[in-house]
Amino acid sequence: MKVFICPGCGSMTTVSRRKEVMCYKCEGIQMVPSKLSFSKYSEMDEQQRKDYAESWLYIRNRNKK
């Protein structure tokens, strides 16, 4: 299982076989693989996942500038 995150909205999803995943919220933005393992993702509660996504987006946007 792999964890993907959307670079547009931070939405996260898990997939088993697909290599390309599109965000269902942003309709068409290709999601990128996260460095988060599935086991860590499954142990996180909803707030921890939200915090992870927000910090991931912050770091990604900071590095773009």
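User: What pattern does the protein follow, read along the sequence?

Analyst: Read along the sequence, the pattern is β-β-β-α-α, and the secondary structure comes to two helices and three strands, where helices (H or I, at least four residues) and strands (E, at least two) are DSSP runs numbered from the N terminus. The radius of gyration, taken over C-alpha atoms, is 11 Å, close to the 11 Å that the globule rule gives for 65 residues, so the protein is as compact as a globular protein of that length; that rule is 2.2 Å times the number of residues to the power 0.38.

User: And what kind of model is this?

Analyst: This is a predicted model, in which local features need pLDDT of at least 70 and side-chain atom pairs count only at pLDDT 80 or more, while totals for chains, interfaces and linings use all residues. Residues are numbered from 1 along each chain as its sequence is written, and side-chain values use heavy atoms, with hydrogens and water left out.

User: OK, in which sense do strand 1 and strand 2 pair?

Analyst: They pair in the antiparallel sense over four bridges, given that two strands pair if DSSP finds at least two bridges between them. Lys2 stands opposite Val15 in strand 2, and the two strands form a hairpin with six residues between them, where Gly10 in the turn has a positive phi of about 85°.

User: Is Ser11 buried or exposed?

Analyst: Ser11 lies in the loop between strand 1 (2–5) and strand 2 (12–15), and at 7% relative accessibility Ser11 counts as buried, the cut-offs being under 20% relative accessible area for buried, over 50% for exposed and partly exposed in between, with a 1.4 Å probe and protein chains only.

User: Which residues does Ser11 touch?

Analyst: Not counting residues up to four places away in sequence, Ser11 touches Phe4, Ile5, Cys6, Cys23, Tyr24, Lys25 and Met31, a contact being heavy atoms within 4.5 Å.

User: Switching topic, what lines the largest pocket?

Analyst: Ser11 is in that lining too, which includes Gly10, Lys25, Tyr41 and Arg49, and the largest share, six residues, comes from helix 2 (residues 46–64). A pocket here is an open set of points on a 1 Å grid over the protein atoms alone, where a 1.4 Å probe fits, with protein on both sides within 12 Å along at least five of seven lines, and lining residues have an atom within 4 Å of a point.

User: How much space lies in the largest pocket?

Analyst: About 240 Å³, counted as the space filled by probe spheres set on the points, which are joined across faces, edges and corners.
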